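Q: Please take a close look at one part of this model. Then set it beside a few other places in the chain.

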Amino acid sequence: MKILGREDVWIHTHFLTDCVRLSSRRMRDIEKELLPLLRQVGIVFGIHFTQLRDERTCRIVLECRPFAATLDRIQQHLQEVVREVPSRPLTTRVMPEEPQRPLSSSQ
């Protein structure tokens, strides 16, 4: 996954990604990796994830708007954290099987 850009929206900072969908596990992993840096730079607010209806991108939302230098550092670290996350979830292929007939007991 890549960070494509960021937007300031009211009191939040949105990081736009090229990711279509994130699993709950991936969201927890990203948050776990990012929170220590946020605490280190004095940010007590967290992050959440959102997807707008008309977009095919997942947004990582920092619940504040830090100063520019701090924000650049956060974005750089976030890019390192999400580098190995696939942009598109793995596709699962389902193949229907023919129903099996039970063996008759009269044989």
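A: Helices (H or I, at least four residues) and strands (E, at least two) are DSSP runs, numbered from the N terminus. With residues numbered from 1 along each chain as its sequence is written, Trp-10 lies in the loop between E1 and E2. The model is predicted, and local features need pLDDT of at least 70, side-chain atom pairs count only at pLDDT 80 or more, and totals for chains, interfaces and linings use all residues; side-chain values use heavy atoms, with hydrogens and water left out.

Strand E1 covers 3-9 and strand E2 covers 12-17. Phi of Trp-10 is near 55 degrees, which is positive although the residue is not glycine. Is Trp-10 buried or exposed? Trp-10 is exposed, because its relative accessible area is 70% and exposed means over 50%, buried under 20%, and partly exposed in between (1.4 Å probe, protein chains only).

Val-9, found in strand E1, is partly exposed at a relative accessible area of 33%. Together, Val-9, Trp-10 and Ile-11 make a nonpolar surface patch with about 340 Å² of accessible area. Such areas come from the Shrake-Rupley method with a 1.4 Å probe, and for residues only the protein chains shown count as cover. A patch takes residues with over 30% relative accessible area and no salt bridge, joining like charges within 9 Å and nonpolar side chains (Val, Leu, Ile, Met, Phe, Trp, Tyr) within 5 Å. A salt bridge here is a side-chain nitrogen of Lys or Arg within 4 Å of a carboxyl oxygen of Asp or Glu. From Val-9 to Pro-102 is 93 residues in sequence and 61 Å in space, C-alpha to C-alpha.

Helix H1 (residues 24-40) has 17 residues and should span 24 Å at 1.5 Å a residue, so the 25 Å between its end C-alpha atoms agrees; the expected span is 1.5 Å times one less than the number of residues. At Leu-34, H1 bends by about 30 degrees, and Pro-36 follows within four residues. The bend is the angle between axes fitted to the seven residues ending there and the seven starting there. Buried residues in H1 include Ile-30, Leu-34, Leu-37 and Leu-38.

The structure holds 0 disulfides, a disulfide being a pair of cysteine sulfur atoms within 2.5 Å. Cys-58 is in none, and its nearest cysteine sulfur, in Cys-19, is 5.5 Å away. Cys-58 is buried at a relative accessible area of 5%. Cys-64 also counts as buried, at 10% relative accessibility. The closest cysteine sulfur to that of Cys-64 is in Cys-58, 18 Å away, so the two are too far apart for a bond.
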